[in-house]
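Please read them with the coordinates open.

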Number of protein chains: 2
Amino acid sequence: MSRRPLAELTRELTDVCMGRAAADRVVRGGRLVNVHTREVLDGVDVAIAHGRVAMFGDVSHTVGPGTETIDAEGAYLVPGLIDTHLHVESVMVTVTRFAEAVLPRGTTAAFIDNHEMANVFGLEGMRWMLEEGRPLPLKVFLAVPSCVPALPGMEDAGAELGVDEIREALGWEGVAGLGEMMNMPGVIEGDEGVHAEIAAALERGKPVTGHWSLAGVRDHRLQAYIAAGVDSCHETTSREDALAKLRAGMWVQFREGSTFRDVEALAAVLTEDGVDPRHCLLVTDDVLPETIALDGHMDRVVRRAIASGIDPLVAIQMATVNGAEYFGMRHDLGSIAPGRLADIVFVEDLDDFRPHRVLADGGEVGELPAFEYPPEAYESIRLARPLTQEDLRIEASGEVAAVRAIGVASERVTTEHLVVELPVEDGEVRASVEADIAKLASVERHGGPGTIGLGFVQGLGLKRGAVASSIAHDNHNLLVAGMSDADMLFAVQRLVEARGGMVAVADGEVLGLVELPIAGLITDRPVTEIAAQTLALGEAYRSLGSPIKNPEMIFSFLSLGVIPALRLTNRGLVDAVTFELVSPIA
Amino acid sequence: MSRRPLAELTRELTDVCMGRAAADRVVRGGRLVNVHTREVLDGVDVAIAHGRVAMFGDVSHTVGPGTETIDAEGAYLVPGLIDTHLHVESVMVTVTRFAEAVLPRGTTAAFIDNHEMANVFGLEGMRWMLEEGRPLPLKVFLAVPSCVPALPGMEDAGAELGVDEIREALGWEGVAGLGEMMNMPGVIEGDEGVHAEIAAALERGKPVTGHWSLAGVRDHRLQAYIAAGVDSCHETTSREDALAKLRAGMWVQFREGSTFRDVEALAAVLTEDGVDPRHCLLVTDDVLPETIALDGHMDRVVRRAIASGIDPLVAIQMATVNGAEYFGMRHDLGSIAPGRLADIVFVEDLDDFRPHRVLADGGEVGELPAFEYPPEAYESIRLARPLTQEDLRIEASGEVAAVRAIGVASERVTTEHLVVELPVEDGEVRASVEADIAKLASVERHGGPGTIGLGFVQGLGLKRGAVASSIAHDNHNLLVAGMSDADMLFAVQRLVEARGGMVAVADGEVLGLVELPIAGLITDRPVTEIAAQTLALGEAYRSLGSPIKNPEMIFSFLSLGVIPALRLTNRGLVDAVTFELVSPIA
C-alpha cells in the first residue's frame, strides 16, 4: 500500500465530510475513546476515507452506494496502539512477521531501534528493515541506533556507525529520531562524537531517545543527560526515578517487556503522586516471541497498566496520543479524529483490554506483502576460519588457578565479577560441574579479525553439553558456553550450518535449535513458529541442567559490555566497570 | 543578542551540570512551578548558563567566582508565558515596543500573525517584523498570514499573498506555522488555493492555525475544517463549541483580548466537563495598548483563567508548556527544565498572578536594541490624488431614498445590514444626526486604483465632526466617517499629514489623534504613550457623541468583509453574507 500524507488529502477528506464524496467505510454503533479529552463518547459513528478518519459524529451523509458499513456492536473504539520504543530483533523475526503478530493485538505503529541489525549490517541492514516496514499496515518508524558498536575498542561488531552515518540515516524518510543513547558517560562527560550525534538529531527537529539505566541516580548527572537534549527514557524502574525524570522534562516510557517489567512499580507516579500523565508512555522494549504469541503486545502492556491501577483512559492515552505527541506526529497518529490515519482497535471491555478487531489505515488487515531480504542478509556468519578445539584452550600453570568468572542469575541483566579457584589439568583450566562453571567463548563472526575471546561463566547450571548463540548483545559474535570443548565445537558448527540462531547440544546431539538465518538474528518464519522453537530451546537448556528463566536471553547478554560487571567479547573479558580488558586467569 | 540553538550548546550545558564549568547565574530560594508534572517544587535552585537552564535541584557545585546569585525570596518561579496567537498591530506599536511592554508582564514568547502589516506591505512588511523580533529577549515567531487580502475581488489591500508567497515565507527562520485560516468556506468547500496553502505548511511539519468563528456550528462542517489539517482555534466563545473542537483534535485557544473575552465562558470545559487540559491554551489575539498599560498581557489572561476557577497550575500550563508543545518547541520553550531557554517569571502569589521580576534568556531585561524600519515603511499612505468633497457625494433622486446602512453597536464585531429612509437634498443623501447615521467612505491608500467606496453607518452616535483611520480591517485603506463632508476631508488630510493613524475632528479642529506612521498601523513610540493617545481619542469620540466602548476598534472593523453582515471597502458596500457588492442606495 502507499500511504499518502495528509497534505495530499485535505481536499478529499473535506469532500467526504461535506457529503460531496462518499466514505469508503463507516463504523457504526461504537463507543469512541477520545484521547484528546479523555472521555468516552457514545453515539458517534466514524467515517473513513483514503485510509484516514474523515470525521466522527453523525456520518449518514457520507454513506454512498460503495460505502462499507462496519457494526461495532457496542465495542469501544480505541486509537491504534503505539509502541515508542522496541527492538524487533528481540522477537527474532522480520518486520513483516512482527507486524503480522502484533497488528491483531492492536499495535499499529512501532518506533523501532534496530540496534542489533545495525551491529551486524550497519546502515544497509537498518535500511532493509525500514523498507520492509514501508508497505505494511503497521506504521514502522526508525530510531537510528546511536551506539554501534556499543563498546568501541573492546569488541568487533559487523559495523561501526559514526556521526556521518547517523546524520545520513536521520535524513531517511520514516526516521523519527535518534535511538536510545546508551552512552551515558559519553553524554555527561561531554564526548564530542556523542554530542555531535545528538546535535544531528536536534538540528532536524527529531527527538533524542534515552537510556538512563543508573537506578537511583537522579541528581545533577541525570540533569546533565537531559540538558544535552535527551528527552525520553525506558530504563526506569522506580517511582522516585520516574518522578525525577518527568520533573526534569523527560518523557518516561513505562516498560513491560518479557523480562523487564516496570509498569506496576511506575504506576504509583500516577496513582499516588498524581502527576500529569501527558509525558508517560507505555513501551515493550524487548519482548520474546512467546510473549507475543501467548500474551500479546501493546494490548498486554495496556492491560498491565490498568491492572496496576492506572485509569483505563489514561493508560490508553499512554499508548496512543502521548506517543504521537512525543514524536511530533499528531496529524497522523494517536487518536480517532478528523485527518488522522484510521487505525482503530475494537475492544469489549476497557478493564480487560483485549482487541477483537483492528482496522489499520481504515481497513481490515489482510495478507501482508512479502519482503525479500537480499542474499547477503543470509550470509552473516563469516568466521575467519573453522573453529578448532585448540582455540578453546585456556592455559594455566600449577595445580590450581584463580580464574575470573561471569556470575549470572535469573532475571538479572547485571552480572557479577567473580574470581574462583579451579584445578589445572594438562596445563589448562576446564569447565567444572561442581563449581557450576562453564567455559565461554566469543568467536568473531562478521568477516573481521577472527579473534576469539575466552572466559568462564558461573551460574548457568549446565551439567553437560553446550549452548551457543549468534545473538550476543551487542556485538553479536558467536557466543558459546559449554561443559565440554567438543560440544562447544559442535554447537558452533550447527549454528554455522543454520546460518545463525540459538542452539543447545549435548554429546553430539542437537537438543534445541532456533534458526535465525537473517543476520544471525531474525527469521522470516511466523512468530508462533519461532515461539515454539524458543520454548523448546528453553526446555533443552533445562534438560542440560540450567535453572535460569529465559536462559537464552540471559545467555545472549553475556557479551553486553555496557552493563556491569564482567562480560566476554571476541577481544576477551571486559571489566564492565573500569572498561578494561582483563585476563581469564586472575 | 544571538540565541544559539540547543544543538550547539549540549556540551556546554553538561559542563555546567557536572561542575566542569560555572553557571552564569543561579536562582536560589524559589518555588519551582513544574509544568511537566503539574506540581510546585520547593527547595530546588536553578542554574543558568548560555541563556538556558542547565539544571535545577542542588546547584551549589555550579557556582563559580563569576556566578551571579539571584535570591528569589520565596517567589514562585514560573516558565515564561507564551502567547500562541496575537496580532502585534492591535497594540499599534513596533515589535520592539511591544516586547518592552509585555516582557515585564511575563510574556517571553509571542507567535505573531502580522496579518495587518501583510495587507499593507506583503512579504516585505512581514519580514521587517520578523527581523525586528530576532535580537529581542522576547522570542518572536511568525504565523504566516494566510488570507491576504481577506476578501479577494472586493477590496484592494496593499499586497496579495498567493501560494508561492506563503510557501516562501514558511521557509523563513522563525516561522512557526500558517496563520489563522479565516477562509472557512474556502477550506470546507475545497478551494484549491486554500488547500495548497495548508499543504505547504503541513509539508514543512508546521501547524495550520485556525479561525472557526461560526458559533454553534460544530457538526460535519467543523470536522471538515479539522480534517483539512487546521488544528487550533482562538474563535471559540462557548463551552459546547470548545468541547466539540477539543474532541475533534483541535487545540482551543481561550482568548482574553481587549474586546473579545472568552476565558470565563470556556473555563467550564475544565471546571465542569473536566476534560484533559493539555490542548487548552491561553491567548490574547487582539489587545489595545491601554489594556497592556493598565492591566497587563499574558499575566492578565492567566489571572482571568484562575479567577474563572481554573486550577492555577493548569492555567500556567495553558500559558506555557501547552503552547510549546503545540508548536513543537519543547526543547526551547515552555518549562523550567534542563536545556530550555531560561525564561523565568517570578510571582508572589499564584492566585493573584502578578510578575514582579522576569528573566529572559537567563538575564534581566535591559534596554532593547533599536530597530530602524526602512523609509518606505513610513510612506504607506499613498492616495492616487487628493480627496475632494465631490468624491464623498452620494447621489439620489426624489425626496426620500432608501439607503443601506451598516448597523454597529458596542462590543459586537458583527454588523447589521440596515435599510433606512433618508431625505434627498440637492440630489444627494447626507448624514443625519436624527437617524444616527454618518456618511462613510473607504479611500484606497496603497498606491493602487484610487477607488473610493461610499456608504452609511448607523449607531456610531456622532453628533458632529468626523473620524478617520488608516487601520481598517483588513484592507487598511483610509476609512472615514462623518456628519459633514468638510470634516471628513479634514480628517483624511490630517491622517495623510500624520502618515497614518486615527483621528477625530470637528469644525476644522483636531480633537484626538493617534499617529501611526509605520504602515499606517503602528508607531515606534512606547505603549504607554500610545495608550494615552488612544484613551484621548476615545474621549474625542465621546465628545462627538459616540456612546460606543472602544469606538476606534469598532470603527476599524467597518471594512472587515469576512464577518457579517454589511461592510464598506474601497470598492463599495459588501454584503458580507452573500459576498456581493451592493449599492448604498437600496
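This is a predicted model: local features need pLDDT of at least 70, side-chain atom pairs count only at pLDDT 80 or more; totals for chains, interfaces and linings use all residues.

The points cover the interface, then the strands, then the backbone exceptions.

1. Extent of the interface. Chain A puts 61 residues in contact with 61 residues of chain B. The area buried between the two chains is about 5200 Å², and carbon and sulfur atoms account for 54% of that area. On the side of chain A, 14% of the area buried against chain B comes from Arg247(A), Arg278(A) and Arg330(A), which is more than any other three residues supply.

2. Polar and charged pairs. Between chain A and chain B, 36 residue pairs are in polar contact, counting pairs with both residues at pLDDT 80 or more. The rule for salt bridges finds 12 of them across this interface. One to look at is the pair Arg20(A) and Glu189(B), whose side chains meet with an N to O distance of 3.1 Å.

3. What chain A brings to the contact. Several elements of chain A each supply at least two residues of the side that touches chain B. Among them are helix H1 (10-17), strand S3 (39-42), strand S5 (52-57), helix H6 (192-203) and helix H8 (239-247). Helix H5 (184-188), helix H7 (220-227) and helix H13 (321-326) of chain A also belong to this list. By residue class, this side of chain A divides into 28 nonpolar, 17 polar and 16 charged residues.

4. A sheet in chain B. Which strands make up the open sheet of chain B, and in what order? There are 4 strands, in the order S5-S4-S1-S6, and the pairing is mixed. Strand S5 (52-57) and strand S6 (68-71) of chain B are the edges, each pairing on one side only. On average, neighbouring strands of the sheet are turned by 20° against each other, with direction ignored.

5. Strand S4 (residues 45-49) of chain B is antiparallel to S5(B), and 5 bridges join the pair. Within this pairing, Val46(B) has Phe56(B) in S5(B) as its bridge partner. Helix H1 (residues 10-17) of chain B packs on the sheet and touches S4 and S5 of chain B. The direction of helix H1 makes about 30° with that of S5(B).

6. Strand S2 of chain A. S2(A) and S3(A) form a hairpin with 4 residues between them. In its turn, Arg38(A) has a positive phi of about 65°.

7. Backbone exceptions. Most residues other than glycine have a negative phi, and most peptide bonds are trans. Where do the cis bonds of chain A listed here fall? Val148(A) and Pro149(A) are joined by a cis peptide bond, with omega about -5°; Pro149(A) is in the loop between strand S10 (139-144) and helix H4 (163-170) of chain A. The bond from His473(A) to Asp474(A) is also cis, with omega near -15°. Asp474(A) lies in the loop between strand S24 (466-469) and strand S25 (478-482) of chain A.

8. A positive phi in chain B. Glu73(B) is not a glycine, yet has a positive phi of about 50°. The residue lies in the loop between S6 and strand S7 (76-79) of chain B.

Methods
Residues are numbered from 1 along each chain as its sequence is written. Chains are lettered from A and ligands numbered from 1 in the order in which they are written. Side-chain values use heavy atoms; hydrogens and water are left out. Contact means heavy atoms within 4.5 Å. Buried area is the accessible area (1.4 Å probe) that two parts lose on being put together, summed over both. A salt bridge is a side-chain nitrogen of Lys or Arg within 4 Å of a carboxyl oxygen of Asp or Glu. A polar contact is a pair of N or O atoms within 3.5 Å; within protein, one must be able to donate a hydrogen and the other to accept it, and residues adjacent in sequence count only if both atoms are side-chain atoms. Ala, Val, Leu, Ile, Met, Phe, Trp, Tyr, Cys and Pro count as nonpolar, Asp, Glu, Lys and Arg as charged, and the others, Gly among them, as polar. Two strands pair if DSSP finds at least two bridges between them. Axes are lines fitted to C-alpha atoms, for helices over the stretch in contact, and angles run from 0 to 180 degrees between N-to-C directions.
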